[in-house]
Amino acid sequence: SRFARDWWEREHGILDKPQVVIHNGVDLDLFAPEPAQRPPDRYRVLMVEAHHGGGYDQGLRSGVELVSRLNGQLDKPVELVVVGDVPPGLRQVFDQSFITWLGVVDHAMIPEIDRSAHLFFSGDINAACPNAVLEALACGLPVVAYDTGSMAELVPSSVGRLAPYGGNVWKLELPDLNALVQAAREVLTSTANFSLAARQHAESHFDIRNEAESYLNFLLED
C-alpha cells in the first residue's frame, strides 16, 4: 500500500531504485457474493483477524463497544461474530451475550462466513493492506473501519465508511466510538447498495490475476 511505502520512507529514506505500489489481491472465484445466508432476524457484524491479542486487543475492544452501542439503535438486534485466536483471558474480559466466538477456522471457511454477515469491521489499526478486508469486499460485504493505515486506499465511500480515529493513533490513544457507531449505522441502513458496490470495487481493483500480472510486468520490464 502507499501507506506502507510512505511509512518505510519516513523511517529509512527513499530508495534510489524503481518502485511501484501493488495492493494485495483476492481470488474472485472463491470469494464471491453468492450463496449468501445472512440471518433475517438480526444484523451480523463480523471481525476476522488471525490474532486478537498481543497488542491487537484495542481493535476487539472497539468491535465489542461498537455492537454494544448499536444494539437498541436499529430495527433489529446486532450480533458480533469474531473469527481468530482470542486468548481465554481476553475473551473473558470482553464476553457479552451478543458475541459469537468462532475461534480459529480453516481459511476455506472464510467466504461462507463473510457471506453470512451484513457488515465487516476491521479493527486492525494502521494496517498495511489486510487481506481480510479485500476478501470481505469480494464477497459483497461492506466494510467499516477507522481511517488509519491503508484503509482510505482500500475502502472508498461507495463500499463502506471510514470513521476518524479521533486521537493520536500512533500512541494508541482511545478512539472516537461515536464516529464509528455513526459510520456503521449508515452502512447497516443501506446494505444492499453498499454490497453491490463492494463486489464491483473488488473486481476492479483487487483481482488476484491482475495483481499478479502487475508484479510480473514490474519485475520483468527492461
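Visitor: Hi! What should I know about the model before we start?
Guide: It is predicted, so local features need pLDDT of at least 70 and side-chain atom pairs count only at pLDDT 80 or more, while totals for chains, interfaces and linings use all residues. Residues are numbered from 1 along each chain as its sequence is written, and side-chain values use heavy atoms, with hydrogens and water left out.

Visitor: Thanks. At what angle do α2 and α7 cross?
Guide: Roughly 60°, with the axes of α2 (residues 57-70) and α7 (residues 177-188) coming within 10 Å. Axes here are lines fitted to C-alpha atoms, for helices over the stretch in contact, and angles run from 0 to 180 degrees between N-to-C directions. Helices are DSSP runs of H or I with at least four residues, strands are runs of E with at least two, and both are numbered from the N terminus.

Visitor: And which residues of α2 meet α7?
Guide: Ser62, Glu65, Leu66, Arg69 and Leu70 do, and their partners in α7 include Leu177, Leu180 and Leu188. Contact means heavy atoms within 4.5 Å.

Visitor: Which residues have the most contacts inside the largest nonpolar core?
Guide: Leu60, Leu70, Leu80 and Leu180, in a core of 35 residues. Such a core is a set of buried Ala, Val, Leu, Ile, Met, Phe, Trp, Tyr and Cys residues joined through side-chain atoms within 4.5 Å. Buried means under 20% relative accessible area, exposed over 50% and partly exposed in between, with a 1.4 Å probe and protein chains only.

Visitor: Which element gives the most to this core?
Guide: That is α7, with 8 residues.

Visitor: What does leucine 80 touch?
Guide: Not counting residues up to four places away in sequence, leucine 80 touches Val45, Met47, Gly63, Val64, Val67, Phe98, Ile99 and Thr100.

Visitor: Changing topic: is serine 122 buried or exposed?
Guide: Serine 122 counts as buried because its relative accessibility is 3%. This residue lies in strand β4, and beyond its neighbours within four places in sequence it contacts Val133, Val144, Ala145 and Met151.

Visitor: How about serine 157, buried or exposed?
Guide: Serine 157 counts as exposed, because its relative accessibility is 55%. Its place is in the loop between α6 (151-154) and β6 (160-163).

Visitor: Last one: in what sense do β4 and β5 pair?
Guide: Parallel, over 3 bridges; a pair needs at least two bridges found by DSSP. Phenylalanine 120 has valine 143 in β5 as its bridge partner.
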